[in-house]
Amino acid sequence: MDDLLQEFVTETNESLDVVDVELVRFEQEPNNKKILDNIFRLVHTIKGTCGFLSLPRLEALAHAAETLMGKFRDGAPATGEAVTLILATIDRIKEILDALESKQHEPEGSDSDLISELERIVKQIAQPLSAPPPAQSQTIGTLTPQVLERPLRPGEVSLDELERAFRETEVDPSVAAVLTKPSKPAPRESAPARETGNNAPPKDEEAKSGSSQSIRVTVDTLEQLMTMVSELVLTRNQLLEIVRRHEDSEFKGPLQRLSNVTAELQEGVMKTRMQPIGNAWQKLPRIVRDLANELGKEIDLEMHGAETELDRQVLDLIKDPLTHMVRNSADHGLESPADRRAAGKPARGRIRLSAYHEGGQIVIEISDDGRGLNTSRIKSKAIAQGLVSADEAEKLSEAQIHKFIFAPGFSTATQITNVSGRGVGMDVVRNNIDQIGGTIDVKSVAGMGASFTIKIPLTLAIVSALIVEAAGDRFAIPQLSVKELVRARGNSENRIERIKNTAVLRLRDKLLPLARLTKVLGLEPADAGEKDDGFIVVVQVGTQTFGIVVDGVFHTEEIVVKPMSSKLRNISVFSGNTILGDGSVIMIIDPNGIAQSIGSTVSTQVAAANEAETDTKRETDRMTSLLVFRAGSAQAKAVPLGLITRLEEIDARKIELSNGRHMVQYRNHLMPLIRMSDDVRVKGEGAQPLLVFSDGARSIALVVDEIVDIVEERLDIQVASENSGIIGSAVIRGQATEIIDVGHFLPAAFEDWFRQKDRSDAAKAKSVLLIDDSPFFRDMLTPVLQAAGYEVTSLGAAKDALAVLKAGRRFDVVITDIDMPEMDGFQFAEAVRSESSLKLVPIIALSSIVSPEALERGQQVGFHDYVAKFDRQGLIAALKEQADVGQAA
Amino acid sequence: MTNDEHLSEYITAMVGGQMFGLPILSVQDVFVPDRLTRVPLSQPEIAGVLNLRGRIVTVIDMRSRLGLEGKAPDGQVMAIGVESRGESYGLLIDSVGEVLKLDDRARETSPINLDPRLARVCAGIHRLEGQLLVVLDVDRILDLGPASMAA
């Protein structure tokens, strides 16, 4: 295509985008002269250039629109009707431009419909002070594009001159207008243009924009530049390598400078690829305005973080999904003003868009304060489409149901409107986002609104990454997920411990699962001796924290993430690859993938969902880390890893027998050793493995024969046990495994173990809220209650529990500890009873001492039952009774 | 002159002592692979990735892809750059030979007893003086099968 024409099309398109936005603003602030001047100037420029390039259809349209705007400038009120008409005109101009771009000449057609409308309004609002422009529509009919192009083709003026003239057109409209005359097939039209165009203010404005500080560069040129810079970096590195071999080379100084300049150049070129997300939002105000008119709603569009930069490729890809979602919010999300008023909300609905960087991710949120998602409709639709069975659907939480909107072909709009609900919906949005490796999530509260969160990770964006080494290769770990770096040494506080073949790190009283990167990646040499030294990159994926053991840590580097080749995309531990400053390609580790490969299935999404909703179901579904061991018999036994403070192997000779009990000196205290049964033998020599449990300053150790493994399993106790000390049996790794009840053994060591504090448990036939300030006992009681068939939600503070209850969550039974900081069990019960809606919730208190005083106080505050802490049968019985009562009520 | 329309040009390459031909139109460039980064957990046919003028190129080891025995001779290896669906690939070969113009009509279908791994990517055979030239189909070489299924 003609360069000149090409440039015109690009430029005009951009001007029109601005006009769109400005017009909407103008409608809201009709008295803002500045906005109007700006619009006027832009439209005028378009018109002038069209005339110059012999594009009569465009010119006629621009002219008619300009005339109308001229009226506004003269003080006529800007009516909605007029603005809509101008917007429609702008749209038509865009259509013609599109055709112009592809066909290189103006498409055939008539715009007399719009033009006569425009003229009608001009007449309406104007006192007949300026005559309506001569009939353009006639011109259009007679002129064919071939005819139009002819004046340009013969080359009476050189292209250079033309271009120069063109440039000047932007700067000064009057020049354009003058130049226009001789070359124009319909010269009369320029007259009205000049009338208005010669007004002083717009001219000044134009002069300003003409000297603006940016130029247009094609994307290809940038890509080319990027490639060249990479080459330059490579060459520089080769030079550096050569100079390194010659000790005192005179090249050293200049080369260093070259090196620095190259680095800066690289950075600069990379920056050119970044664009503010506001570019993708530009069209939204117009869209929202049109929608609001069409749907008879009042909508405010708020935009925050428009300056957030992201890679232009990503920008292109999210543009359409964003538009679609905003449309959705306006159409489905927001209610009509009448409905809103009825619901006690302001008549004006609000759609809020925000974007920000979070670590290496870009987070985009689209929220509205509308009616929220229609859970029941989504549910029935999901069932109708066979996405879920009716039974299963009943068990799903609201948030889980909401996620069905992302399923292919899902659209809930019963009425197909002009705006949305045409069967293509969120599934398409999700597809687009998937393509760039992003995630999308939805949160919705009925009556309060819905909020969509899009997270675009690494891909294509520039992120900060930690460069690490494993088996001689370098890898990048996104800084976003890195919590801290730990140097593990054999004899330091942070040391790698091993449970069979599973390595763990004890970090600030927590056992952290470890994954050796070389092993995960299959790079372990055959003679892989497990080393205890190493760098541990502690990463967090959702709510899960684990350590990645690497051989070395280099530095942090800003990397441009490139998507993996389609042949390598199936490797889940990599999220992409990148070219480092020295020109080599390295893989980017996906912590999510690592988490999965070490046996956890807690994906970020699930974890996020867990955070968002204190969902009982999900909590019970959650995977539990279990330590599998043998003690006394060949049958495998297991205990939740979270309960164990430490794993020890002690020299059997250090075990002392005191008062008939086994003891060992441990960290300056005597620690009692407990045997699960008489079958368990305490070794006389060699290493004795122990599971150490601590609470505060007290520790006890359970004697075991052998530690087998650590596994991640859903703790699903299938057979309850009659044996004391065993909660029940569960299938772990295909083997029936006894889950031991730590709580049973603890009092064996310290009679007063449970007397220090009163602890409470809540169990419900359906659901139980358990409040206890000690995580140890929460972890311990949860499986006990689960074994008895309850769904358990445990909380660490009475205050939190109260908040949850007040927020409307209902439990069949509440079990509370009595002795807790801030608010104790008695106060908690009183607070619960004072809420009228909570009056009937049964509360069970657990205590190790059931004194008459405590019983009496308990009755006063409204405890339904009072159970001794380790009377398991009693607790279960009480729960059953109360839950039944609660349900009856 | 009339023969021209039946002529195809091939870049010849040696892999494990066998001569192969790649249609010249599908070849972007020929380069010496440098700083190849291996990709853990990838399929055995994938030798690694490298940076070629700012693009990340996936390098496929033709020896392994064609099911040929033995190791590459010591010293230099070469790579033939091809493109497919916007992605760049490098085919790792032992050495690159001359460009041949061959008559399509002389091309024979591959013998039925050809090694199945070879047969899958073979588009025909040319009998040259003293040796056979196996014509390769680039698209089929890049179709690594299991990976795309796993993806």
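These notebook entries record what I looked up in a two-chain structure, chain by chain and then across the contact.

**Ground rules.** I am working with a predicted model, in which local features need pLDDT of at least 70 and side-chain atom pairs count only at pLDDT 80 or more, while totals for chains, interfaces and linings use all residues. Residues are numbered from 1 along each chain as its sequence is written, and chains are lettered from A, with ligands numbered from 1, in the order in which they are written.

**Chain A, overall.** I counted 31 helices and 35 strands in chain A, taking helices (H or I, at least four residues) and strands (E, at least two) as DSSP runs numbered from the N terminus. Of the 889 residues in chain A, 40% are buried; a residue is buried if 20 or more other C-beta atoms lie within 10 Å of its own, exposed if 12 or fewer, and partly exposed in between, with C-beta atoms placed from the backbone. I then looked at contacts, where two residues qualify if their C-beta atoms, placed from the backbone, lie within 7 Å. Among the contacts in chain A with a separation of 6 or more, 66% are between residues 24 or more positions apart.

**Chain A, a sheet of 6 strands.** I traced an open sheet with mixed pairing in the order S10-S14-S15-S13-S12-S11 of chain A, where two strands pair if DSSP finds at least two bridges between them. Its edge strands are S10 (482-488) and S11 (496-499), each of which pairs on one side only. The twist from one strand to the next averages 35°, with axes being lines fitted to C-alpha atoms (for helices over the stretch in contact) and angles running from 0 to 180 degrees between N-to-C directions. Within this sheet, S12 (residues 502-507) and S13 (residues 510-516) of chain A are antiparallel and share 4 bridges, and I noted A:Leu511 in S13(A) as the bridge partner of A:Arg506.

I checked A:Ala471, which lies in the loop between strand S8 (462-470) and strand S9 (473-478) of chain A and has a positive phi, near 50°. A:Ala471 counts as partly exposed because it has 19 C-beta neighbours inside 10 Å. I also checked A:Glu881, which sits in helix H31 (residues 872-888) of chain A and is partly exposed, with 16 other C-beta atoms within 10 Å. From A:Glu881 to A:Pro842 the C-alpha to C-alpha distance is 9.8 Å, across 39 residues of sequence.

**Chain B.** I found an open sheet of 5 strands in the order S3-S6-S7-S5-S4 of chain B, again with mixed pairing. S3 (27-31) and S4 of chain B are at the edges with a single partner strand each, so one side of each has no neighbour in the sheet. S3(B) runs antiparallel to S6 (residues 78-84) of chain B and is joined to it by 4 bridges, with B:Val27 opposite B:Val82. In the loop between S3 and S4 of chain B I looked up B:Arg35, whose phi is positive at about 50°; B:Arg35 is partly exposed, with 14 other C-beta atoms within 10 Å.

**Where the chains meet.** I recorded 20 residues from chain B and 24 residues from chain A in the contact. On the side of chain B that touches chain A, strand S4 (46-52), strand S5 (55-61) and helix H4 (146-150) of chain B each supply at least two residues, and S4(B) gives the most, with 4 residues.
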